[in-house]
Amino acid sequence: MPALSVIIVSYKVRYYIEQCLNSVLRAVPDAQILVVDNKSDDGSVEFLRGRFPQAEVIANDYNAGFGKANNMALAKATGKYVLFLNPDTVVAERTIPGCIEYMESHPEAGALGVRMQYGYGRFALESRRSLPTPSVSFWHMTGLGRLFPRSKVFARYHLTYLDRDNECPIDVVSGAYMFVRKEALDRTGGFDEAFFMYGEDIDLSYRIIQAGFVNRYLPLPIIHYKGESTNKTSYRYAKVFYDAMIIFFRKHFHKYSRFFEFVVKMVLGVKKVGTFIGQNILAHRRRLADYTEKCLYVGRKETFDDVSGLIAHSGILRLPVFVEGAGDIEAALEGRLESGLGAVLFDTDAFSYDAIMDWMYNKAQEGKRYTVGFYSARTGKLITEDEVL
């Protein structure tokens with residue numbers, strides 16, 4: 001297998017990154033692992049060096065931002081391919097090998113994106129994006145793309161008119177999982193450090209295309225936790241994101257940047273109002289509601305007591321019902337997914353990530369939403385979209 005370098009930028013997410021690295025090493029045990037820590041104050045550096053001696057951990061004494069931190073590790077990368085990966089992800093066993101196989105047979109491919117799923121299986125729209133040209137961005141910001149998801153005019157930003165289970169060309173590869181040919185990075189020079197957070201993946205994707213390569217989407221699965229739990233309706237998120245887009249427009253579409261900035265100011269005004277309503281009215285109602293969920297734990301019997309002990313400290317999950325099983329999820333859960341069930345927790349030593357992610361995705365496609373948790377006896381942690389226990 002060709003050499004691969006995996007680069008992860010970490011900031012105060014030591015248990016998420018532990019799970020992420022375990023999934024990566026299960027798929028590609030010989031990969032070069034480079035982790036850049038942006039001055040976490042939760043003991044991440046010592047934790048990672050102790051748990052993963054095969055990884056090189058670069059400890060910054062300041063928060064360098066996403067692009068600059070990735071470039072620090074890129075300077076040390078020796079692989080034919082480079083995977084830029086978020087720490088709040090879990091990678092299925094077939095995903096990285098599938099990307100390598102595709103790259104080997106498609107020398108024109110510069111970067112690959114994959115099928116990202118949130119922590120309950122729903123497809124993440126950020127998995128596929130077009131270049132945010134003035135027209136594409138305008139239809140996206142006005143909300144018409146969401147109203148008309150099958151329109152090839154209004155919905156070009158997230159390409160929702162294409163079948164998400166098929167390979168397709170894309171312009172923008174998400175920085176959460178960005179699999180890149182090293183030759184393409186040598187030609188483009190890596191991330192533009194003018195972007196502190198957000199937008200740098202769009203810029204690099206565009207420059208890879210300008211360098212003569214093509215970018216592709218492959219329907220290979222990963223979980224991206226924080227893609228959903230980050231409050232993307234908040235004003236703060238909107239301001240940081242759209243400020244990054246202004247940098248992108250000034251760099252690549254400068255003649256449109258003044259009009260774009262005007263539209264952005266209007267969008268941010270709407271976001272302010274929406275944030276006020278969300279934080280002062282809807283959040284109050286959420287605090288009054290009971291969100292505890294009935295759950296199943298599926299796995300080996302000897303791990304059930306440990307999981308039950310962890311869940312006893314959860315404010316979201318009720319003590320689980322045990323279902324013994326391994327390998328075949330459908331067989332283990334046959335007849336157990338009754339009404340009122342809110343969460344399914346998996347023993348990752350009994351089931352592959354491939355099988356779990358496919359099950360999650362298929363249930364989401366059927367309109368069935370379950371909180372999904374991963375328990376590993378190796379780490380002693382239970383991780384869901386909402387909490388680490």
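F84 is buried, and so is F191; buried means under 20% relative accessible area, exposed over 50% and partly exposed in between, with a 1.4 Å probe and protein chains only. This is a predicted model, in which local features need pLDDT of at least 70, side-chain atom pairs count only at pLDDT 80 or more, and totals for chains, interfaces and linings use all residues. Residues are numbered from 1 along each chain as its sequence is written, and side-chain values use heavy atoms, with hydrogens and water left out.

**Aromatic rings**

- A pair of aromatic rings is described by the distance of the centres and the angle of the planes.
- Rings of Phe, Tyr and Trp (its six-membered ring) pair if their centres lie within 6.5 Å; planes under 30 degrees apart count as stacked, over 60 as edge-to-face and the rest as tilted.
- A search of the whole structure finds 16 aromatic pairs.
- The ring centres of F84 and F191 are 4.9 Å apart and the planes stand at 70°, so this pair is edge-to-face.
- This pair links distant parts of the chain, 107 residues apart: F84 is in strand β4 (residues 81-85), and F191 is in the loop between α7 (182-188) and α8 (200-210).
- Helices (H or I, at least four residues) and strands (E, at least two) are DSSP runs, numbered from the N terminus.
- F346 and F351 also form an edge-to-face pair, with 5.8 Å from centre to centre and 80° between the planes.
- Both F346 and F351 are buried.
- One aromatic cluster is formed by Y297, F304, F322 and Y375.

**Charges over rings**

- A charge sits over a ring if NZ of Lys or CZ of Arg is within 6 Å of the ring centre and within 35 degrees of the ring normal.
- R115 lies over the face of Y361, 3.8 Å from the ring centre.
- R128 lies over the face of Y217, 5.4 Å from the ring centre.

**Cysteines**

- The structure holds 0 disulfides, a disulfide being a pair of cysteine sulfur atoms within 2.5 Å.
- C99 is buried, with a relative accessible area of 0%.
- C168 is buried too, with a relative accessible area of 6%.

**Helix α2**

- In helix α2 (residues 44-51), the buried residues are S44, V45, F47 and L48.
- Seen down the axis of α2, these buried residues fall within an arc of 165°, so they line one face of the helix; the arc is that of the directions from the helix axis to the C-beta atoms.
- The exposed residues E46 and G50 are on the face of α2 turned away from its buried side.
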